[in-house]
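Let's take a walk through this structure together, starting with strands and moving on to charged pairs. Please keep the model open beside you as you read.

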Amino acid sequence: MAKTIMVQGTMSNVGKSILTAALCRIFKQDGYRVAPFKSQNMALNSFITTEGLEMGRAQAVQAEACGVEPSVLMNPILLKPVTDMGSQLIVNGEVRGNYMARDYFAMKKQLIPDIMHAFEILSNENDIIVIEGAGSPAEINLKTDDIVNMGLAKLTKSPVLLVGDINPGGVFAQLAGTLLLLDEDEKDLVKATVINKFRGDPTILDPGLSMLEEITGKPCAGVVPYAPLDIDDEDSLSSRLEEQQAPAVIDIAVIRLPKLSNFTDFTALAAMPGTGVRYVDRPGKLGNPDLVILPGSKSTIADLRWLRESGLETAVLRLHNSGVPVIGICGGYQMLGLEVTDREGSEGGGSIRGMGLLPVRTAFAAQKHRTRVAGHFSESSAFPGIPVEGYEIHMGETVLQDGASPLLQLDNGTADGCVHGTVMGSYLHGLFDRKEVREALLKKLYERKGLSFSEEVPDYRTYKEQQYDLLAETVRNSLNMKLIYRILEEGV
C-alpha cells in the first residue's frame, strides 16, 4: 500500500493543484513511484485519456509531473458546471447525467465506493500518492457529507498539509481560522501549514510564523515564493485569464466566454517568444489583434447568445471583414457555423443562428464524443500535410454543407473541422501543441504583417518538462523536505 500525503487549502485558488504537482515531481525525482489523486474535481478544463475517458485537466498535469500516463483513477469524480445551479456528473470517465447542486449533494456519498476503488488500485501500484483537496475543509455547511477534504483524509488515512495564499492578504487568519473551524479529529490530521505565493524577503514573516505555530500548535513547513512558471491551471480562477500580456510582435486575442473550457489549449502559443495571448470579455478590450480565437465552451448556445448581446460578435465579424484570421476550437468552432440546434435538450434545448463564418451546421446529441486522435492538415488548408494530435470532447455533431472543405484529415479515416478563407474551426483540443503547427501558424501571421519569422520554436513537451523541474526546484528549496518526509512516513 502506498504512503499518502494530502494538500488542502484555506480556500480555492491558493495553489493546491500546483503544489500537488510539485510534490509529485519531487517524489519522482527522489526515485519513488508516485501518482496524484483528487476524489472530486469541479472544473471546465478536462482531458481525455488513451482509453477515451474524461478526467480533470489538473490531475492530467500532475500525472505528467509524475512521468506517468493520466488515468481516470486519479480523478474518479468530475463535475463540469452547466449552469450556476447544476453540473454534468462524470464518474470514472463516463457521463452519469446532469444534476442540480442540491440533488448531487443528496447522493454524493453513494460515490464513495467508486472513489475508494480507484484509490485502492493506485495505492497498490505506487509508493506514494499525493492527494489534492478542493475548496476549503472549513466549509461548515458541507462538512457532513464531505468526500474531498477531511472526509477523504479520514477514508484514506492521510496526513494533511494546510496551504494558505498570502497574495490577497490575511494568510495568518486564513490558516488559524480554518483550523479553528475544524473538529478535533480533523485538526489532528493537519500536520503542518504552508504559506504560498510570497513575494519578497521571507525572513520578514518570521515573527508571524512563530506566532502562527504557537496559536495553531502546527509547524510551518515553509514559505513558497510566487514563481512565474508556465504550468497549466485548473479552472476559471486562473490568473492567466486576467493577465494583460506585454506588447508582442503577434497579438492573439482569445474570447473569454462565460463558460470557457479548456483554455489550456492556448498555453503552447503563449509560450512562444514574440507572441502574446490575452483573454477578452468585452469589445473595448479586443483592439486590433493579429488572430482571434473562439475557445471551447460548456454551454455553446448560451455563450453564443452572450457573445451576440455583449457586442463581441459584431467586433469579431468586423475584424474578420478586415482580413484578421479567426479560429474556433470545439464550442468556438460550433459558434462559427450557420446554426446550432439542441433538440434533445443537452444544453437546455433550442436553436440559435451561428456567426455564419463557416459553412457548417451543428446539432447536439445526448451522447458525448470522447477520443484521442492524430492526423494532418488537409490540402485545402493553409498548412497542408502538417501533423496534429490531441483529443476531441463534445456533445454536438457538426455537418459540413455543400462545397465546404475539412480542416483536418485524421488517421482513422475521418475528417475534422472546416476551413473557409481565413476562418478555421476544429474539435481538436491540443491543436497548437505540436511545434510544426505553431511554426506554420506564426509564419503566416508574421507574413501578414510584412515580417519574416525567425524565432526558435520550442518543443512543447520538452518545455513542459523544464517547467515541472523548475517548479520542483522552487518548492524543494522552500519547504522543509525533512519534515515533509517525516509526515509521509509517520502518517496519521
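Before anything else, a word on burial: a residue is called buried when its relative accessible area is under 20%, exposed when it is over 50%, and partly exposed in between, using a 1.4 Å probe and protein chains only. What you see is a predicted model, in which local features need pLDDT of at least 70 and side-chain atom pairs count only at pLDDT 80 or more, while totals for chains, interfaces and linings use all residues. Residues are numbered from 1 along each chain as its sequence is written, and side-chain values use heavy atoms, with hydrogens and water left out.

Let us begin with strand E18, residues 326–329. Helices (H or I, at least four residues) and strands (E, at least two) are DSSP runs, numbered from the N terminus. In a regular strand, side chains alternate between the two faces of the sheet. In E18, Val-326 and Gly-328 point one way, Ile-327 and Ile-329 point the other way, and all are buried.

Which strands does E18 pair with? Pairing here requires that DSSP finds at least two bridges between two strands. Strand E16 (residues 291–294) runs parallel to E18 and is joined to E18 by three bridges, with Val-292 standing opposite Val-326. Strand E26 (residues 423–426) also runs parallel to E18, through four bridges, and here Val-326 stands opposite Val-423.

Now for the charged side chains. A salt bridge is counted when a side-chain nitrogen of Lys or Arg lies within 4 Å of a carboxyl oxygen of Asp or Glu, and a search of the whole structure finds 26 of them. One of these joins Glu-132 and Lys-38, with the closest N and O atoms 3.1 Å apart. This pair links distant parts of the chain, 94 residues apart: Glu-132 sits in strand E9 (residues 128–132), and Lys-38 in the loop between strand E2 (34–37) and strand E3 (40–42). Both Glu-132 and Lys-38 are buried.

Asp-165 and Lys-197 also meet in a salt bridge, at 3.4 Å from N to O. Asp-165 belongs to strand E10 (residues 160–165) and Lys-197 to strand E11 (residues 190–198), 32 residues apart. Asp-165 counts as buried because its relative accessibility is 5%, and Lys-197 counts as buried at 19%.

Finally, turn to Asp-281 and Arg-282, whose side chains form a salt bridge at 3.6 Å, N to O. Asp-281 is partly exposed because its relative accessibility is 28%, and Arg-282 is partly exposed at 46%. Elsewhere, salt bridges that share partners join Lys-143, Lys-154, Asp-183, Asp-185 and Glu-186 into one network.
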